[in-house]
Amino acid sequence: MGTYGRLATRALDTDVPVMVKILELSKGAKDPMPLGQGAVYWRPPEQALEKVKQIAWEPSTSRYGTHEGLPELKEALIKKLRQENKLYKSSVMVTSGSNQGFLNLVLTLCDVTDSVVLFAPYFFNAYMSFQMTGITNILVGPSNPKTLLPEADWLERILFETKPVPKLVSIVNPGNPSGTCIPEHLLMRISDICGRAGSWLVVDNAYEYFTYDGLKHSCKEGNHVINLFSFSKAYGMMGWRVGYIAYSSEAEGLRTQLLKVQDNVAICASMISQQAALCCLEAGSEWVRNQVKSLVKNRDLLIEALSPLGEDAIIGGEGAIYLWAKLPDKYPNDFEVVCWLTQKHGVVLLPGSSSGGPGCVRITYGAVTEAECEVAAKRLRRGLEQLVRDGMVE
Ligand SMILES: Cc1ncc(COP(=O)(O)O)c(C=O)c1O
């Protein structure tokens, strides 16, 4: 038997990470503009970068830390959750990025025989975490085609009709890849449905500060609700790997089980990164919001660049760092279009099929400065005009 036959079906049956494909694709292109990978162009606040220079020498930085996170960081996060997110009963576990937090939750809450729910277009890493842990019954719900908001009526029906009841419902707010913001009343309704049905609701708030045009992000508290947060985008800390899980201190037994998973996956999040995160919290949400403001111009430039697809083809731009666009009907193979735009026009997007949205693309407007975005927008517009007019010509 070759090696292939000895690989786990759990891994073999997991989607190939689209980001790996996209990065490979970009390698072949000349000076590609990165509108594919979800990232921001900024780095952490200066004081955080200065502080880590000193902290590197402290002996505790090189030791293992406590599983749930640096006590000072946890304390600061609990305060932040109360003041900013109105989460008053939260316990916290710091993780190596919120993707690790999500995986911890799936391992802690779900058995392979359970069914789970997410909404298309979904965050591909959430889908892959389910696949990778052996869950095969992944129920993909619809979003409203005009707004891309999760369809709560469908959720209510599916949670009350499916036996045994789906274990976990996953949503992202503001949305990746949708770029929409879930209004408070809809979030409350989703939470209420999950609570009544007996399902966990996991809300990924990685883009909590990324809202535009006066929209506000909100969180929901409850014994069945678990909120995930990340320092990656807010503080430009993608490579530092810090995120956290906020769960109800009244959720019986959850902490003990989460600790088992944490002990086997990360033991603790990187100590120096946690110190940097603590320092970022001192700079605070005002610092983040100032950075986020600089993205409005990028978003508008790219909305304009997408106009050859038609006004109705573009959704998102309310929150996070994403626009979602429908390709013309004659191009159902979004990956082919993404390859062509990369190779021929030097602009990289994300194929929608990787998020359960075939025939669409996701456009990220966070990873480039305004000057870079102007270049990217020109290339994108030219590429789309050609696509619509002449097709994918060589
Ligand atoms: C919705 C969402 N959650 C989580 C992550 C990953 O965050 P982290 O870097 O904290 O693992 C991303 C990254 O793109 C994301 O878009």
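Guide: This is a predicted model. A search of the whole structure turns up three cavities of 30 Å³ or more. The largest cavity has a volume of about 180 Å³. It has 18 lining residues, and those closest to its centre are Phe-119, Pro-121, Pro-150, Ile-171 and Val-172.

β5 has the largest share, with three residues. Now sort the lining by class. Twelve residues are nonpolar, six are polar, and none is charged.

Look next at those two strands. β3 covers residues 115-119, and β5 covers residues 168-172. They pair in the parallel sense, over three bridges. In general, strands of a sheet pair through backbone hydrogen bonds, either parallel or antiparallel.

Now step back to the sheet that holds both strands. Seven strands form an open sheet, and their order is β2-β8-β7-β6-β5-β3-β4. The pairing in this sheet is mixed. Its edge strands are β2 (90-95) and β4 (137-141), and each of them pairs on one side only. From one strand to the next, the twist averages 20 degrees.

Helices pack on this sheet. Take helix α5, residues 98-109. It touches β2, β5, β6 (200-204), β7 (225-230) and β8 (243-248). The direction of α5 makes about 155 degrees with that of β7. Then take helix α9, residues 254-265, which touches β2, β6, β7 and β8. The direction of α9 makes about 5 degrees with that of β2.

α5 leads us on to the pockets. The largest pocket has a volume of about 600 Å³. Its lining counts 28 residues, and Asn-99, Phe-123, Phe-124, Asn-125 and Arg-241 lie nearest the centre. Helices α2, α5 and α6 (124-132) each supply at least two residues of this lining. α6 gives the most, with five residues. By class, the lining of the largest pocket has 14 nonpolar, ten polar and four charged residues.

Two packed helices are described by the angle between their axes and the distance between the axes. Helix α2 (residues 18-27) packs with helix α12 (residues 334-345) at an angle of about 35 degrees, and their axes are 9 Å apart. α2 passes α12 in a right-handed crossing. On the α2 side, the contact uses Lys-21, Ile-22, Leu-25 and Ser-26. They meet Phe-335, Val-338, Cys-339, Thr-342 and Gln-343 in α12. Five residues of this contact are nonpolar, three are polar and one is charged.

There is another pocket to visit. The second largest pocket has a volume of about 390 Å³. It is lined by 19 residues, with Glu-208, Thr-211, Lys-216, His-217 and Arg-289 nearest its centre. Helices α4 (71-85) and α10 (271-293) each supply at least two lining residues. The largest share comes from α10, which gives four. This lining has six nonpolar, five polar and eight charged residues.

α10 also packs with a helix. Its axis and that of helix α3 (residues 46-55) come within 9 Å and cross at roughly 145 degrees. α3 passes α10 in a right-handed crossing. From α3, the contact takes in Gln-47, Ala-48, Lys-51, Val-52 and Ile-55. Their partners in α10 are Ile-272, Gln-275, Ala-276, Cys-279, Cys-280 and Ala-283. The classes here are eight nonpolar, two polar and one charged.

Four strands form an open sheet in the order β9-β10-β13-β12, with antiparallel pairing. β9 (314-316) and β12 (350-351) each have a single partner strand, so one side of each is left without a neighbour in the sheet. Two bridges join β12 to strand β13 (residues 360-364). At one of these positions, Leu-350 has Arg-362 in β13 as its bridge partner.

Terms used
Residues numbered from 1 in each chain as written. Predicted model: local features only at pLDDT ≥ 70, side-chain atom pairs only at ≥ 80, totals over all residues. Heavy atoms only, no water. Axes fitted to C-alpha atoms, helices over the stretch in contact; angles between N-to-C directions. Left-handed = near helix turned anticlockwise from the far one by under 90°. Contact = heavy atoms within 4.5 Å. Nonpolar A, V, L, I, M, F, W, Y, C, P; charged D, E, K, R; others polar. Pairing = 2+ DSSP bridges. 1 Å grid on protein atoms, 1.4 Å probe; cavity = no way out; pocket = protein on both sides within 12 Å on 5 of 7 lines; lining within 4 Å. Points joined across faces, edges and corners; volume = space filled by probe spheres on them.
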